[in-house]
Amino acid sequence: MFIVNLNYIKPLEEVDKYLHEHINYLEEQYSLGNFVASGKKIPRTGGVILSKIRFLSDLEKILHEDPFHKAKLATYEITEFIPSMTAKEFENLKELV
């Protein structure tokens, strides 16, 4: 599982020009089962995506399709982790060993 930490490197006025395209991209990734949660940071300096994709290389390919990435609006910091404990309603996120 991966946490993707987006940090905007351009002003919000530039980011907002691509927001609709970014939302469409997120919706597509949800429909493909690639993302399980996402949202903007408070204060609005970027966003966070939670992904259950298995391989880092696959996630990197998917993130390169993000309109924010294509327009060079954000940097992406990726953290891999293995959920070993969850609330009951999120048990499906635990890795099978």
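Two residues are in contact when heavy atoms of one lie within 4.5 Å of heavy atoms of the other. The model described here is predicted.

**Sheet**

Four strands make up an open sheet with the order β2-β3-β1-β4, and their pairing is antiparallel. Strands β2 (35-40) and β4 (74-80) are the edge strands, each pairing on one side only. From one strand to the next, the twist averages 15 degrees. Strand β1 (residues 2-8) and β4 run antiparallel and are joined by seven bridges. Within β4, A74 is the bridge partner of Y8.

**Helices on the sheet**

Helix α2 (residues 19-31) packs on the sheet, where it touches β1, β2 and β3 (46-51). The direction of α2 makes about 160 degrees with that of β2. Helix α3 (residues 56-63) lies across β1, β2, β3 and β4, and runs at about 160 degrees to β4.

**Core**

The largest nonpolar core contains 17 residues, and F35 and L63 have the most contacts inside it. Two or more residues of this core come from each of β1, α2, α3 and β4. The most come from β1, which gives four residues.

Which residues is L63 in contact with, leaving aside its neighbours within four places in sequence? They are V4, Y25, F35, I49, H69, Y76 and I78.

**Aromatic pairs**

A pair of aromatic rings is described by the distance of the centres and the angle of the planes. The whole structure holds three aromatic pairs. The table gives two of them, including the pair of Y8 and F68.

| Pair | Centre to centre | Angle between planes | Type |
|---|---|---|---|
| Y8 and F68 | 5.8 Å | 80 degrees | edge-to-face |
| Y25 and F35 | 6.1 Å | 70 degrees | edge-to-face |

Are Y8 and F68 buried or exposed? Both are buried.

Why is the pair of Y25 and F35 edge-to-face? The planes of the two rings are at 70 degrees, with the centres 6.1 Å apart, so the pair is edge-to-face; the angle for that type is over 60 degrees. Y25 is in helix α2 and F35 in strand β2, 10 residues apart, and their pair also links distant parts of the chain. Y25 and F35 are buried. Ring pairs join Y25, Y30 and F35 into a cluster. Both Y25 and F35 are also among the residues in contact with L63.

How values were computed:
Residues are numbered from 1 along each chain as its sequence is written. This is a predicted model: local features need pLDDT of at least 70, side-chain atom pairs count only at pLDDT 80 or more; totals for chains, interfaces and linings use all residues. Side-chain values use heavy atoms; hydrogens and water are left out. Two strands pair if DSSP finds at least two bridges between them. Axes are lines fitted to C-alpha atoms, for helices over the stretch in contact, and angles run from 0 to 180 degrees between N-to-C directions. A nonpolar core is a set of buried Ala, Val, Leu, Ile, Met, Phe, Trp, Tyr and Cys residues joined through side-chain atoms within 4.5 Å. Buried means under 20% relative accessible area, exposed over 50%, partly exposed in between (1.4 Å probe, protein chains only). Rings of Phe, Tyr and Trp (its six-membered ring) pair if their centres lie within 6.5 Å; planes under 30 degrees apart count as stacked, over 60 as edge-to-face and the rest as tilted.
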